[in-house]
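Q: I'm new to this one and would like to learn how to read it. Could you walk me through some features, one at a time?

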Amino acid sequence: MALFGQTFITGVLMGGIYAIIAIGMTLVMGVMKIINLAHGALMMVGMYICLVLFEHAGLHPYVALIPTMIALFIIGYLLQKYSIGRVSGVETIIPESQVLLTLALGLAITEVIRVIFTSNYQIIHPALTGEYWHLAGMTIEIPYLIGFVIATIFVALLHFFLARTDLGQSVIATSQDKDAAVYMGINAERITNFTFGLGTALAAAGGVILMPLFYLYPHVWHPYLMKAFVITILGGMGSTVGALSGGLILGLAESFGSTYWGPQWGEVIGFIIFLLILLFLPGGLKRIIGR
Amino acid sequence: MEKKRQWLILAMLGILCIVVPPFMGTYAVHVLILVMMWITMALGWDILGGKTGQISFGHAIFFGLGAYGGGLLFLHWNITPWWGMAAGPVLAIIVGIPIGLVCFRLRGPYFALAMLALNEIIAIVFTNLDTLTNGATGIDCARTWGAEKLPYYYIALVIAAFAIFVTYRIQNSKYGYYFVSIREDQDAAEALGIPTTRYKIYAMIPSAGITGLAGALYMNYISSIYPETVFALEAISIFMILAVLIGGAGSLWGPVLGGAIFAGLDEILRATIGPISFLVFAVIAVLIIMFMPDGIIGSWPKVRAYLRRRKLTTGSEG
Amino acid sequence: MAYLDINGVVRKFGGLTAVNGITLAIEKGAIFGLIGPNGSGKTTLFNCINNYYPPHSGDIVFKGKSLKGISSHEICKLGIGRTFQIVKPLRRMTVLDNVMSGAFLRKNSLNEARDKALESLDFCELTHRKDMLAKDLPIADKKRMEISRSLATEPELLLLDETAAGLNPREIDGAMKLIRKIQDTGITCLVVEHVMKFVMGISDRIMCINFGREIAKGKPEEIANHPEVIKAYLGEEYAKGQ
Amino acid sequence: MLKVNNIDVYYADVQALWDVSIEVKQGEIVSLVGANGAGKTTLLNTIAGLLHPTKGNIEFLEHDLTVKPNHRRAALGIAHIPEGRRLFPEMTVKQNLVMGSMSREAKAKREESMDWVFSLFPVLKERTWQAAGTLSGGEAQMLAIGRGLMARPRLVMMDEPSLGLAPNLVEDVMKITKEVNSQGITVLLVEQNIMHALRVCNRAYVLETGRVTLEGPGEELLTNARIKEAYMGI
């Protein structure tokens, strides 16, 4: 029973952290209707900025979170404005040239980081790292718990922002009908840039949360990009509630898969869910839960 | 006249490819082998991606299966991996057909994503099914010709020539026309009586097979394979797309040029500027997608028109 | 039994019944016009024949064979060709290659297909455009190319969707001439059209539909003066005032 | 108020308008009528800035619209109620209305405008929290008009507001049009239903294959024989 409980808690906590990474992607996919393959690399940039802030300014990652997010927001905004946005609507032999561009940008960003910081594994030990909390025979790592709380707060803030503010509503409107948004006097191009920046900042937040928990190296983003896709497809594009529930489902599936089937198979379960959703529930959970 | 000249250039290039390498250094021959391998891979990807418009982010599946075809024969029955040249492509095709049957229901980016997921699944499966694949330890075999490179080069050359021949034949047949029709407009293709799903599968077969052939070559030449190298998402699946993109998708010579430039440039940059070589590469890819999205061959008419205009205006000024 | 029989076809989209029990019969060799105001269900009916949207009830019989459950590409093989309301050129293929893609339906070798395509292009007076990329053609030629491409599949029945839309008056005359020429080769045509001059000028018989139902059927001049038709187009009071 | 001067417009590679000029004066209802494909929607989309004329210009009050970016038109006082309504389907009725008031001036008067729209369309008030995608055709059209009014426009352009509506609802839409106009808002109306369009308007323009072929007061055009020709082709 304790094993089950432990597995469950690990899954939920991890799922929450996945959700914040995925929510940035689902937002970008909802508005731009493209797959952003640079999402993971941008998250990793956030992690390195956090590393620098920790090592040179002594900021605890949870404090560095805000400046890191601001930096990544700006990077994302500019990338969309001057690079990815430029390619939209260009007719090419291979379709999805925007997707390929995000892919190439992701590789380029990774290489920049690799050149600056080398491929070496780095790890930081801020306060709270490695501290545990024992509860009814289960162990909860404190940074996981804090990460989960931060992620949940951001998801809630984002949900509130989208539902209650004019800017947030403009983002939603642009994702539902870009032309109609322009009729309303919304500068859809700027909203798209803004959304890309916001999505990137959220990914960076997810990355920062992971800092006290895992090693950092330039390709650290690989598995998280995959998970973000899985969750986005699972939850439905542009849906915050979908991303949160998708994150929790994926976290739980991986956790239970690892515990009861073997750690190496945890990831496979995620991909299998992904394929099944793609094939049999296009639109994802959003179709079931409404919004 | 034009056609005759093209054949002449081609024949000369062919002769150069055959005659010159024996006089080159070992390293140069090694680079040429990689060039031939990448040309083969780029052509393989392009049949499905460039001609039929089904962007696959998971062609490492077929490369890896091609490599493992020979590898498994060697591992389990101690048969020379040269048989992998037949077994590898066949394995790739056998796996490719059901993948196509399932994933061709998805359009556009969703197909790309599904292939990406499958790539990861298969890589994990091959890493963890120890009894079947020897797991992460991979498979090692002895090289037939030891440190000698030339025999491998000629085999690679024959394989690349075969890929070019297959692509040429496809392009000049009903299949080629149907593939491109599907890429350009699936509804129009259906209205012309083209069973689009069936023809996508028809495109998958040579695409998987040729990519698998390149994998089989890799197995024999490098002589050791690991799941994380032959099923690599980035170093194989995505680089294949970038190679085609640089040269120009959907044509015969685009992938050939792209594969050659990609493999050649990769080696040269690595030898000259070392650690930042890959950064330079990625930046080139970004610039190509932004400013020459149809690659060198595809954008050539535009570039030529631009140069001509420049010449004309400077000429009139002078 | 007529050549093409449409029996009580119904097609719904969500709560909307786009085609609501249309019945019509077309004789071999005729040009049949289908008209109706915007959103009346013309194109939907068209897409039913093609099985692009399979009908929810009713049956379509071509040369005595029901088309139920037959996929779009097989319908083309049976001899029903079509063009699109919004032209769908194979954009980055040349005009010749576009038409060849159609010709390959009945020809297997490259040379046979090319000959067939050239013949079809010649018939449609497009030979001088054959090496241009389809995306670079002006609209009138795109429409011609689409017809030419469809003719290369050797259809017996040709479904023409809004051929005249977007053409200027001279081009419309050209298109009318082309369609009469197609009729002369023995091909039956079903024409969906908004441009009245065009459809009135070429059709042997016309059916007018509105809200997915037939409101009139007859010869062009009967249709043009049919009170129900005028009501559908110009409003009830206008029809009364006449 | 609005002057369109000799514009040529291409839709992709198709020329859709040839040398079209129209004028709308303050306080008028002006109808654009003509058969399908005559270029009515193209003209509205050009005024709305979704298409750009290759020749000629468009003046609105003292501004040259042809040099303004699309999204600035709402702030200048032009509301476009597009064909097919183009509501934001997953947003509620209220959220849709809010989206109509994004310009600075409209934002300040948002509450007031909302009350005004609800008084014009009481049924929308009942549906405040319902997703726009679940409204009936008539309600959706009212929401589209209401959303346009939220911008406090000086000119409202309506594209086929009665399309797909049952006949009694068409009457309602025409009544609403009059009502909107009586509040001092100028209306440019595109309508298939020619009787309604001509009766409700002060003046009308008839478009045929991308050209203006007739203009005049609505009542006068009603009796003009060319109208039937424009629609029926004979």
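This is a predicted model: local features need pLDDT of at least 70, side-chain atom pairs count only at pLDDT 80 or more; totals for chains, interfaces and linings use all residues.

Q: Is Ser103(D) buried or exposed?
A: The general idea is a cut-off: buried means under 20% relative accessible area, exposed over 50%, and partly exposed in between (1.4 Å probe, protein chains only). Ser103(D) has 15% relative accessibility, so it counts as buried.

Q: How do I read a sheet, and in which order do the strands of the open one in chain D come?
A: Start with pairing: two strands pair if DSSP finds at least two bridges between them. In chain D, 4 strands make an open, antiparallel sheet with the order 2-1-4-5. Strand 2 (14-24) and strand 5 (63-64) of chain D are at its edges with a single partner strand each, so one side of each has no neighbour in the sheet.

Q: How many bridges link strand 1 and strand 4 of chain D?
A: There are 6 bridges, joining residues 2-11 (strand 1) to residues 53-60 (strand 4) in the antiparallel sense.

Q: Why is strand 8 of chain D described as largely enclosed?
A: Count its buried residues: 5 of the 5 in strand 8 (residues 186-190) of chain D are buried, so the rest of the structure largely encloses it. Then check each face. Thr186(D), Leu188(D) and Val190(D) are buried on one side of strand 8, and Val187(D) and Leu189(D) are buried on the other.

Q: Which strands pair with strand 8 of chain D?
A: Strand 3 (residues 29-33) of chain D pairs with strand 8 in the parallel sense over 4 bridges, and there Val30(D) has Leu188(D) as its bridge partner. Strand 7 (residues 155-159) of chain D also runs parallel to strand 8, joined to it by 5 bridges. In that pairing, Asp159(D) is opposite Val190(D).

Q: What about helices: how many residues of helix 8 of chain B are buried?
A: An α-helix has 3.6 residues a turn, so residues three or four places apart point the same way. In helix 8 (residues 174-184) of chain B, 10 of the 11 residues are buried, so the helix is largely enclosed by the rest of the structure. Among them are Tyr177(B), Tyr178(B), Phe179(B) and Ile182(B).

Q: What do the buried residues of helix 8 of chain B pack against?
A: Contact means heavy atoms within 4.5 Å. Within chain B, they pack against helix 2 (26-51), helix 7 (150-171), helix 9 (186-191) and helix 10 (196-222). They also pack against helix 3 (95-103) and helix 4 (110-123) of chain C.

Q: Let's zoom out: what is the make-up of chain B?
A: Chain B has 15 helices and 2 strands, and 58% of its 318 residues count as buried. The radius of gyration is taken over C-alpha atoms, and the globule rule is 2.2 Å times the number of residues to the power 0.38. For 318 residues, a compact globule would come out near 20 Å, and chain B agrees at 20 Å. Its C-alpha atoms fill a box of roughly 75 × 55 × 40 Å along the principal axes.

Q: And how many helices and strands does chain C have?
A: Chain C has 10 helices and 10 strands, with 57% of its 242 residues counted as buried. Its radius of gyration of 18 Å agrees with the value near 18 Å for a compact globule of 242 residues. The box for its C-alpha atoms is roughly 60 × 40 × 35 Å along the principal axes.

Q: Finally, which chains share the most contacts?
A: Of the 5 pairs of chains in contact, that is chains A and B. Chains B and D do not touch, and their nearest C-alpha atoms are 18 Å apart.

Notes:
Residues are numbered from 1 along each chain as its sequence is written. Chains are lettered from A and ligands numbered from 1 in the order in which they are written. Side-chain values use heavy atoms; hydrogens and water are left out.
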